[in-house]
Amino acid sequence: MTNLERYTPGPASGAQIRKDGEKWTLILVRELRHSREKIWEALTDPAHLREWAPFDADGSLGTVGTTVKLTTVGAPVPHVTETTVTRADAPKVLEYKWGGFNMRWELEDLGGGTRLTLWTNIGHRFISMGAAGWHICFDVLDHLLSGTPIGRIVGPEATKFGDWQRLNAEYAKQFGIETPNWPPKAAQNS
Amino acid sequence: MKIKVTSIYVDDQDKALRFYTEVLGFAKKTDFSQSPYRWLTVASSEEPDGTELQLALNNNPAAKAYQQAIFQQGQPATMFFTDDVKGDYERIKARGAEFTMQPTDVTGSTIAMLKDTCGNLIQITQLKSW
């Protein structure tokens, strides 16, 4: 069996939403057995990002003031946005924008391990999908840093993945929202 | 191949959805998101399975420059066809839209032009019967 075949995501956990009118923030927390330095590299280095993140970066996100192009993987039309890193306090806090989303990463030392927290303001109708997607990305990141990579699971690869549907429904239930209509009707018919 | 969708850039997708549905009277067709990308389309309620109009977020500097330039030249970003341009003009105006051209006879058609509040001029065209 490959590492991927052995992989089954656990139940929805570690996510909260904060509502500020129309603007909702998704907060995801994951404790990892890896050092902050290792995780910081995976969050900022383009070669690492390509192994787990839902976007590709054309440069390092590790230096404040740098402008980097982010390409959303698997968007229905090519989707490239430019971002400027607004905070990069290695290995603790990283902030930039991904399209219209604010991205804030915080890494807390747990004596060797790390508590990783992501704050991001996904549109509220899609927030459970975002939580499901990041849940799987965090698992992929964990496998990558543990030396048992399972390969990136993002975009259409994620939504085809049965456990993504389950996680989406579980997070929607936890957040008290309806599961968004996914896949869209047009895709279901084809 | 079919022409199934055409796109217009808008500066705010929520605001555009309100304008294109509540003011112009179209119906939301597809709305889904992948990460920061949001695919949003409307269709005419007279023709629900007809060509869709994609309301695409304009976060692209090149597209922004183009959109502003053609707006300043008074050129419409897209046009819709109607059988009653005067009726549509009154109806849409009553819902608060700002027209830059009242229904005006031109060769082969009567046209009107309005602002979509999202960075574009929209032309409404009624073809003359010959």
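Guide: Helices (H or I, at least four residues) and strands (E, at least two) are DSSP runs, numbered from the N terminus. This is a predicted model, in which local features need pLDDT of at least 70 and side-chain atom pairs count only at pLDDT 80 or more, while totals for chains, interfaces and linings use all residues. Residues are numbered from 1 along each chain as its sequence is written, and chains are lettered from A and ligands numbered from 1 in the order in which they are written.

Visitor: OK, how many helices and strands does chain B have?

Guide: Chain B has three helices and eight strands, and along the sequence they follow the pattern β-α-β-β-β-α-β-α-β-β-β.

Visitor: And what's the radius of gyration of chain B?

Guide: Taken over C-alpha atoms, it is 15 Å for chain B, close to the 14 Å that the globule rule (2.2 Å times the number of residues to the power 0.38) gives for 130 residues, so chain B is as compact as a globular protein of that length.

Visitor: In what order do the four strands of the open sheet in chain B come?

Guide: The order is 5-8-7-6, with mixed pairing, where two strands pair if DSSP finds at least two bridges between them. Strand 5 (78–81) and strand 6 (99–106) of chain B are at the edges with a single partner strand each, so one side of each has no neighbour in the sheet.

Visitor: How many bridges join strand 6 of chain B to strand 7?

Guide: Five bridges join strand 6 of chain B to strand 7 (residues 109–115) of chain B, and the two run antiparallel; B:T104 stands opposite B:I111 in strand 7 of chain B.

Visitor: Switching topic, which residues have the most contacts inside the largest nonpolar core?

Guide: That core has 45 residues, and those with the most contacts inside it include A:I39, A:L43 and A:L61. A nonpolar core is a set of buried Ala, Val, Leu, Ile, Met, Phe, Trp, Tyr and Cys residues joined through C-beta atoms within 7 Å, and a residue is buried if 20 or more other C-beta atoms, placed from the backbone, lie within 10 Å of its own. Helix 4 (residues 127–145) of chain A gives the most to this core, with 10 residues.

Visitor: How many residues does each chain bring to the contact?

Guide: Chain A brings 17 residues and chain B brings 10 residues, with two residues in contact if their C-beta atoms, placed from the backbone, lie within 7 Å.

Conventions: Buried ≥ 20, exposed ≤ 12 C-beta atoms within 10 Å, placed from the backbone.
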